[in-house]
Amino acid sequence: MPVFDYDPPERFVAGALGQPGARIFFLQARAAGRLTTVALEKLQVAALAGKLEELLDEVQRRTGGTAHVPAVAPPDLTDNAPLDQPLTEDFRVGTMALAWDPDTSQVIIEAQEITDEEDLEAPEPSMLRVRISPGAARAFSQRALQIVAAGRPPCPLCGQPLDAEGHICVRLNGYRGGEVAS
């Protein structure tokens, strides 16, 4: 199983390519001339960002502020640059894990390659492991949430993305303005 380990990376970001509705999402880590790019789903990016925020808030709460976890992303760690090139997908993410290392005051993020559980002959899955500071984690989360939000606007009734071609809202159950939709 190849492990792409970054402790710490020079850069760790989420990004997306393509038009809203057809975007491909990535995590990218870079350090010492190495670049690792993994693909994942939009919901995985959103979940990772949300869980990172929850983890940092919980560390801050449990330590009473002694863990030096910033409440917001430090401005000097903001990274709005595009993904690094060449953009070559190393693997597609299946599962992710988060942890707090109290000895180093770092967040550990692991993203493991998706596998076919029925294939007993398959090699061990690849893994991206990144260790970052709490400030870098806040900055990562801020960028990730902005990228997720930059997609298609949600329907105000059901929350599903609105398509340029139209949208059939499940909350309306086939009715439009009191009339049956045909």
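Start by selecting phenylalanine 12: at 10% relative accessibility it is buried (under 20% relative accessible area; over 50% is exposed and in between is partly exposed, with a 1.4 Å probe and protein chains only). A word on what you're looking at: this is a predicted model, where local features need pLDDT of at least 70, side-chain atom pairs count only at pLDDT 80 or more, and totals for chains, interfaces and linings use all residues. Residues are numbered from 1 along each chain as its sequence is written, and side-chain values use heavy atoms, with hydrogens and water left out.

How many aromatic pairs does the structure hold? Two, where pairing asks for ring centres of Phe, Tyr or Trp (its six-membered ring) within 6.5 Å, and planes under 30 degrees apart count as stacked, over 60 as edge-to-face and the rest as tilted.

Select phenylalanine 4 and phenylalanine 91 next: they are stacked, 6.2 Å centre to centre with 25 degrees between the planes. Phenylalanine 4 sits in strand S1 (residues 3–6) and phenylalanine 91 in strand S5 (residues 91–101), so this pair ties together parts 87 residues apart in sequence (strands are DSSP E runs of at least two residues, helices H or I runs of at least four, numbered from the N terminus). Phenylalanine 4 is partly exposed at 22%, whereas phenylalanine 91 is buried at 3%.

Strand S2 (residues 11–17) carries phenylalanine 12 and helix H2 (residues 134–149) carries phenylalanine 140, so parts 128 residues apart in sequence are tied together. Phenylalanine 140 is buried, at 2%.
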